[in-house]
Every structure is written in structure tokens, then in C-alpha cells.
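Hi,

Here is the structure I promised to send over. Have a look first, and then read on for what I found in it.

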Protein chains: 2
Amino acid sequence: MASQSKVRYDSYIQENQLKSSKRRDLIFEHILQIQGHFTVDNIYQEISKIDRGIGIATIYRTVKLLVASGVLTEQTFGEKKGWFEIADQKLEHHDHMICTSCGKIIEFHNKVIESNTYQIAKTHRFIIYSHKLEIFGLCNTCQKQ
Amino acid sequence: MASQSKVRYDSYIQENQLKSSKRRDLIFEHILQIQGHFTVDNIYQEISKIDRGIGIATIYRTVKLLVASGVLTEQTFGEKKGWFEIADQKLEHHDHMICTSCGKIIEFHNKVIESNTYQIAKTHRFIIYSHKLEIFGLCNTCQKQ
DNA sequence: TTTAATTTTGATAATAATTATCATTATTAA
DNA sequence: TTAATAATGATAATTATTATCAAAATTAAA
């Protein structure tokens, strides 16, 4: 259900006494359809086709709002720009394997890594807000070429 | 021993038929003294005090060379700029816990996480070049405030 | 040790991603 | 319908980084 994102989006707007707007709603709806990871520019290119006059600043503002409201999470994947994706719908966290040759991103989840991550934080009396494991290397397809 | 870095530095220069230079050597020697993580600007500020006329472009170039030669590794720590540190001298990889309040970086190593990382890559027939686990949150000191 | 080829350098322009500014437009509650 | 305030697009500003280029430094050869 996409409704978890919707609740987060609506609540955030309500709780911060923001006003609604057609363009922000359009961006939100569009992002919900996206599978996988994307950049601000990706969305800007796509939405520009539908809504001719939209400015990139609005995309930046909306994506920032969606991160603040918990709808999206941001990563850098070692690059110096933001990559976004829909926040985990379930409670299960996932990590990423990034192919440095073709850019493919493979998601995975590992319970052992997960529990050890929490364990090590506890040892250091560290409160976890978020965590990410990134593996860079060659995917199976690229190895063959 | 700092000699592992020295070997890497010298070999890289030799193998790429580069010329030696006083300023590059100065930056290299200076970086070897640094404990922990730093940015290009950190080094630029410090070296400027010793060598008045050095340009920031030379720092960028040298740091890039040091990464290419394996003396340094680069991370982003979720920010959109590069953070550097001396590459692991031992074979043991380490990860980072970053306090989002004070910026403190705690290093740690966990064998179970490590082996599971390699295991999951194997499952996906993925060849690992590098990997990094970052934990963001509140350090013990900041929790008390 | 002069020369010639090549690399390194600093200054600065260019680029990329993002944020800030500001006048105009849209939304909403009264 | 209006008054207050938020949202928007255009664009300037900012930050981190890379590219360009003429001058200086280095090195190998004569």
C-alpha cells in the first residue's frame, strides 16, 4: 500500500501548517510510481514533459520535504549528489550493492549484519538514527564483458 | 610503519613516470601526520601556514594522486564532499559511526559484519572492490546534552 | 652545465549540485 | 472578498571540484 507514504506526506503538511499545491502533489504522486533510485534531475526531466513550466527549484524543495517527512531516504552512493528512494514500507531495512561499471544497484537485506550493527552501536553507547552499508564492485553481467 | 604509504607513493610516481616535486612531497608528509579524517580544505588551511604560496589546486591534485596510489581512501559520509583518511595499513577493514550532532567519527571493526558482507556478495556473484558501513546517530556525549 | 622535453604549479575559469533571494501567484481561513 | 501567508519560477549565490593555460620546476641527454 502506498498509503503509508500518503499518511506521512499529509501529516507533514498538516503539522507544519503548509498549504497544499498542485505541483507538489504532482511531484509526490509521480515519485510514488518510481521503482528504485533516482536523482532530482531524473524527476525534473520526467515531470517537465507533463508539466511544462515547472521549475527545478520546486523539485528540490519537494524532494527535501519528502525526505523530512519520511517518505524518501537520501543516499550519496559515494557520489557528490543525492540519490533518493521510497523509504522502507516494511520495518525491514535494506542495503545496496553498486556496480561501478554499469551503475546497477542491487538491494539486499541481511539479518546478521543488521543485528551486529545494532550491537556495535550499543557497545559504544551510540543511538542509531540511520545506517547504510554500500558494496562497490562488479556485477555478474559486467564481469563477463 | 609509515613506510607502506611511502612505498605506494613512490611506486605510483615511478610507474606513471611522474616527476618529483617539493610541494607534492610536503603535502604527502603532512598528510602522514594526520590522525583520522580530513577534507581537502582542512589540509589547504594547514599547509598554507607552512607554505604560503601553495594553491588549492595542488592539494586537490595531490590528494587525488594519493587515492589513486592507495595511500588514501575517500568517503562521503553522506555529505556532498570528499573525506579522506590513510588507507588501512593492516588487512583489517574498518567502518564508521558518525555523530550527527557534533560530527565525531568513531571507527570500529566487526568480523561478523565483514564475513557476511563477503557472503552476500558471493550469493549475488558480485566482485567486491570496496565496501563501507556508516552508522549515523548520537554519540554518548551528545546524548547527555 | 646548458639544453630540450616534459611535468608541475598557481591563478582562475568552468562545471555540477544545491540553496537562497525575491517578486509574483496561489491557497486558505475568516 | 479579502488579508495573511505559503508556493512558485527565474535566477543569483554558494560549495566542492575539475579544466585550462602560461610560467616555473624537474630531469635526462648532450
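Across the interface of chain A and chain B, 15 residue pairs are in polar contact, both residues being at pLDDT 80 or more. A polar contact here is a pair of N or O atoms within 3.5 Å; within protein, one must be able to donate a hydrogen and the other to accept it, and residues adjacent in sequence count only if both atoms are side-chain atoms.

The side of chain A that touches chain B draws two or more residues from each of β3 (95-99), β4 (105-108), α5 (111-123), β5 (127-138) and α6 (140-143) of chain A. Of these, β5(A) gives the most, with 12 residues. Helices (H or I, at least four residues) and strands (E, at least two) are DSSP runs, numbered from the N terminus. Sorted by class, that side of chain A has 18 nonpolar, 14 polar and eight charged residues. Ala, Val, Leu, Ile, Met, Phe, Trp, Tyr, Cys and Pro count as nonpolar, Asp, Glu, Lys and Arg as charged, and the others, Gly among them, as polar.

A word on how to read this: it is a predicted model, in which local features need pLDDT of at least 70, side-chain atom pairs count only at pLDDT 80 or more, and totals for chains, interfaces and linings use all residues. Residues are numbered from 1 along each chain as its sequence is written, chains are lettered from A and ligands numbered from 1 in the order in which they are written, and side-chain values use heavy atoms, with hydrogens and water left out.

Back to the strands: β5(A) runs antiparallel to β5 (residues 127-138) of chain B, and 11 bridges join the two. Strands pair if DSSP finds at least two bridges between them.

Lys80(A) and Glu74(B) form a salt bridge through their side chains (2.7 Å, N to O).

As for area, about 3,400 Å² is buried between chain A and chain B, with 66% of it from carbon and sulfur atoms. In chain A, Lys80(A), Ile120(A) and Phe126(A) lose the most area to chain B, together 18% of what that side buries. Buried area is the accessible area (1.4 Å probe) that two parts lose on being put together, summed over both.

Best wishes

Note on methods: A salt bridge is a side-chain nitrogen of Lys or Arg within 4 Å of a carboxyl oxygen of Asp or Glu.
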